[in-house]
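This report concerns a predicted model. The sequence and structure are shown below.

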Amino acid sequence: WHRIRLVFKASRAQNNFQYAQTLSQIGIRALRPVAWIQERRFGVRAQSWLVYEHIDDSICADTLTDDSDPKTVDRVMQTVAHNLRIMREGLLSHGDMKPSNVLITANEVVLIDLDAMQAYPDASRCEKGLAKDVARWMRWWRSDRPQPAIADKAQTALKTAGFEVLSP
């Protein structure tokens, strides 16, 4: 069934590869794909793999706490809000917007795990997808791993970028 489904739908690796290129074109830093390998069996797509660049000295945003460096927290929250605003303009949503899908280096904030990303034909559908991304991002800081100070900074950054942030 999996192989039959792949006849009609892109693989997760293919989705990651294509959206990493799309994000790069619209100014969002995502993990750069180096290679995408698609295996075929009996002429039908089977397994696929994606090889990404290696980023030295990065940490995952899910390691941030209220005690983390405030400048780093501000930079991450501002970049995520900025990226979501650019996605809105491009009619895109991430689909799994949580801190474990954001890498932090000394110089940049990098978006990863693009397999659930979607492009939308119109703004109203895109807004629904982005609302889920915003809700997922806020849920992490409010309840999955509560960090009240970070949640406040995330909420402020998102509201400033024009997103509605629902109260918990």
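## Packing of α3 against α5

Helix α3, residues 70-89, and helix α5, residues 148-160, approach each other with axes that come within 9 Å and cross at roughly 35°. The crossing of α3 past α5 is right-handed. On the α3 side, the contact is made by Pro 70, Val 73, Asp 74, Met 77, Gln 78, Ala 81 and Leu 84. The residues contributed by α5 are Ile 150, Lys 153, Ala 154, Ala 157 and Leu 158. Sorted by class, this contact contains nine nonpolar, one polar and two charged residues.

Leaving aside residues up to four places away in sequence, Met 77 touches Leu 64, Trp 137, Trp 141, Ile 150, Lys 153, Ala 154 and Ala 157.

In soluble globular proteins, nonpolar side chains tend to be buried together. In this model, the largest nonpolar core comprises 39 residues, and Val 76, Met 77 and Trp 137 have the most contacts inside it. At least two residues of this core come from each of α2 (12-25), α3, β5 (102-104), β6 (109-111), α4 (123-144) and α5. The greatest contribution is that of α3, with eight residues.

Another core, of five residues, lies apart from this one; among its members are Leu 31, Ile 55, Val 110 and Ile 112.

## A three-stranded sheet

Three strands form an open sheet in the order β3-β5-β6, with antiparallel pairing. Strands β3 (59-60) and β6 stand at the edges with a single partner strand each, so one side of each has no neighbour in the sheet. The antiparallel strands β3 and β5 are joined by two bridges. Within this pair, Ile 59 stands opposite Ile 104 in β5.

## Positive phi angles

Most residues other than glycine have a negative phi. Leu 91, although not a glycine, has a positive phi of about 55°. Leu 91 is located in the loop between α3 and β4 (92-93). With a relative accessible area of 25%, Leu 91 is partly exposed.

Asp 113 is also a residue other than glycine with a positive phi, here near 60°. The loop between β6 and β7 (118-119) holds Asp 113. Asp 113 has a relative accessible area of 24% and is therefore partly exposed, given that buried means under 20% and exposed over 50%.

Arg 142 belongs to helix α4 and is partly exposed, at a relative accessible area of 23%. In sequence, Arg 142 and Pro 168 are 26 residues apart, while their C-alpha atoms are 7.5 Å apart in space. Not counting residues up to four places away in sequence, Arg 142 touches Ala 151, Gln 155, Val 165, Leu 166, Ser 167 and Pro 168.

Trp 49 lies in strand β2, residues 44-52. Its relative accessible area of 40% makes Trp 49 partly exposed. A C-alpha separation of 5.8 Å is found between Trp 49 and Trp 36, which are 13 residues apart along the chain. With residues up to four places away in sequence not counted, Trp 49 touches Ala 13, Ala 35, Trp 36, Ile 37 and Glu 39.

How values were computed:
Residues numbered from 1 in each chain as written. Predicted model: local features only at pLDDT ≥ 70, side-chain atom pairs only at ≥ 80, totals over all residues. Heavy atoms only, no water. Axes fitted to C-alpha atoms, helices over the stretch in contact; angles between N-to-C directions. Helix = DSSP H or I, 4+ residues; strand = E, 2+ residues; numbered from the N terminus. Left-handed = near helix turned anticlockwise from the far one by under 90°. Contact = heavy atoms within 4.5 Å. Nonpolar A, V, L, I, M, F, W, Y, C, P; charged D, E, K, R; others polar. Core = buried A, V, L, I, M, F, W, Y, C linked by side-chain atoms within 4.5 Å. Buried < 20%, exposed > 50% of the residue type's maximum accessible area, 1.4 Å probe, protein only. Pairing = 2+ DSSP bridges.
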